[in-house]
Amino acid sequence: MGMGAFLGVGQGSDQPPKFIHMTYKPTKKATKKIAIIGKGITFDSGGYDIKPPSSMLNMKDDMAGSAAVLAIMSALPKLAPNIEVHGIIAACENMLNGSSYKPGDILTAKNGKTIEVDNTDAEGRLTLADALCYAEELNVDEIIDIATLTGACSVALGHYAAGIMGNNDELICAIQAAAEKSGEAYWKLPIWEAHSESLKSEVADMKNTGSRMGGASIAGAFLKNFVSKTKWAHLDIAGTAFLDSPYKGFIKGSTGMAVRTLLEFLTK
């Protein structure tokens with residue numbers, strides 16, 4: 001299917017990648033068609049840009065976005081919204097062996113854009129790139145992705161809120177309004193043209209990482225290359241998906257961040 005970015009990330013694992021597509025269709029004619037994508041890195045070692053042990057300890061939670069998608073899709077038949085929903089997960093491990101992708105490799109995404117691998121620990125955005133291309137080919141009205149994407153978002157917002165950004169303010173505001181009702185919090189971050197500057201590559205269309213300054217928005221700028229026309233929102237839940245201690249309505253450990261908000265959004 002031409003998913004060179006997704007396959008590049010997963011090629012170092014003994015576990016083959018799995019691309020998952022679930023569909024919920026209402027009994028009546030749907031008023032809208034939405035795709036929800038979850039980052040599904042089932043374990044993230046960092047690849048050849050390996051993480052320090054303390055940062056790797058909870059990397060089983062790097063599939064929190066895909067777990068949220070599974071939870072949402074399982075609830076929809078009971079809630080029965082009049083919306084067609086596609087749940088999409090590009091699942092794989094980011095591991096090391098002799099066939100792992102390496103810094104300096106060039107990957108070709110599903111839409112034909114080439115990506116220079118600047119850091120193998122910026123793997124989630126590579127899997128999401130191909131998933132976004134796939135979702136757009138479904139001719140949906142809106143795309144929402146959920147991802148434990150950047151440490152930069154955790155530094156900026158802590159565990160108090162997730163970051164939200166995208167290409168459509170109306171969609172972003174609607175998700176934020178749903179979050180207020182659900183007890184979650186999303187803080188809007190910008191994606192400016194300047195955020196793309198540090199992604200420039202001399203050998204490919206872009207690099208997969210840029211400056212550490214504004215890292216969450218730079219990751220959003222990277223993802224924007226893979227959504228050409230559809231309304232899109234990106235939820236960076238890195239700081240909120242897994243907690244060391246309870247906070248408000250969230251328990252210690254995995255929080256299910258985005259499940260409450262998006263179920264409220266889909267059924268409003």
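Reply: The answers below take up an open sheet, a helix and another group of strands. This is a predicted model, in which local features need pLDDT of at least 70, side-chain atom pairs count only at pLDDT 80 or more, and totals for chains, interfaces and linings use all residues. Residues are numbered from 1 along each chain as its sequence is written, and side-chain values use heavy atoms, with hydrogens and water left out.

Me: What is the strand order in the open sheet of three strands?

Reply: The order is β4-β5-β9, with mixed pairing. Strands (E, at least two residues) and helices (H or I, at least four) are DSSP runs, numbered from the N terminus, and two strands pair if DSSP finds at least two bridges between them.

Me: Which strands stand at the edges?

Reply: β4 (106-108) and β9 (206-207) do; each has a single partner strand, so one side of each is left without a neighbour in the sheet.

Me: And how do β4 and β5 pair?

Reply: They pair in the antiparallel sense over three bridges. I106 has E116 in β5 as its bridge partner.

Me: New topic: how many residues of α4 are buried?

Reply: Buried means under 20% relative accessible area, exposed over 50%, and partly exposed in between (1.4 Å probe, protein chains only). In α4, 13 of the 14 residues are buried, so the helix is largely enclosed by the rest of the structure. Just after α4, N139 takes a positive phi of about 60°.

Me: Which strands pair with β10?

Reply: β6 (residues 142-147) pairs with β10 in the parallel sense over six bridges, and I146 stands opposite L235. β7 (residues 162-166) pairs with β10 in the antiparallel sense over four bridges, with G163 opposite D236.
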